[in-house]
Amino acid sequence: MSGGKSSTRGTPLGGVASSLLSVIYMNRFLKHWRLTGRREAFRAHVISYADDFVILSRGHAWRGHGR
């Protein structure tokens, strides 16, 4: 196993940098979602709060593992 207090890679969970990087990435994701028309294409809404998000869509959702 890796990680924990002895880990020297990544940012610590709950650390200031972790939250900041998450919010920066989420902002870019939402901007791309809006500018490329993904909402209309997927008939979906992205609901975000801080570093969490949910995508709500109508119709069939793609499962992501080829089924």
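These are my notebook entries on one predicted protein model.

**Ground rules.** I worked on a predicted model, in which local features need pLDDT of at least 70 and side-chain atom pairs count only at pLDDT 80 or more, while totals for chains, interfaces and linings use all residues. I numbered residues from 1 along each chain as its sequence is written, and I kept to heavy atoms for side-chain values, with hydrogens and water left out.

**Overall layout.** I looked up the secondary structure and found two helices and two strands, arranged α-α-β-β from the N terminus on. For these elements I took DSSP runs numbered from the N terminus, with helices (H or I) of at least four residues and strands (E) of at least two. I then asked what share of the 67 residues is buried, and the value came to 7%, where buried means under 20% relative accessible area, exposed over 50% and partly exposed in between, with a 1.4 Å probe and protein chains only. The protein exposes about 6,600 Å², of which carbon and sulfur atoms supply 56%; accessible areas come from the Shrake-Rupley method with a 1.4 Å probe, and for residues only the protein chains shown count as cover. Among contacts (heavy atoms within 4.5 Å) between residues at least 6 apart in sequence, I noted that 11% join residues at least 24 apart.

**Helix H1.** I followed H1 through residues 16-35, which is 20 residues, and its span from first C-alpha to last is 29 Å, close to the 28 Å expected at 1.5 Å a residue; the expected span is 1.5 Å times one less than the number of residues. After H1 comes Gly37, with a positive phi near 75°.

Ile24 and Asp51 are 27 residues apart in sequence, with 9.3 Å between their C-alpha atoms.

Ser22 is also a residue of H1, and I list Ser22 as partly exposed because its relative accessible area is 23%.

**From H2 to E1.** I placed Arg43 in the loop between helix H2 (38-42) and E1. Phi of Arg43 is near 50°, a positive value in a residue other than glycine, and Arg43 is exposed because its relative accessible area is 53%.

I checked the pairing of E1 (residues 44-49) with E2 (residues 52-57), which is antiparallel over six bridges; two strands pair if DSSP finds at least two bridges between them. Ala44 has Ser57 in E2 as its bridge partner. Two residues stand between the strands of this hairpin, and Ala50 in the turn has a positive phi of about 55°.

**Phe53.** I ended on Phe53, a residue of E2, which is partly exposed because its relative accessible area is 44%. Which residues does Phe53 touch, not counting residues up to four places away in sequence? I found Met26, Val46, Ile47 and Ser48. Met26 and Phe53 are 27 residues apart in sequence and 8.7 Å apart in space, C-alpha to C-alpha.
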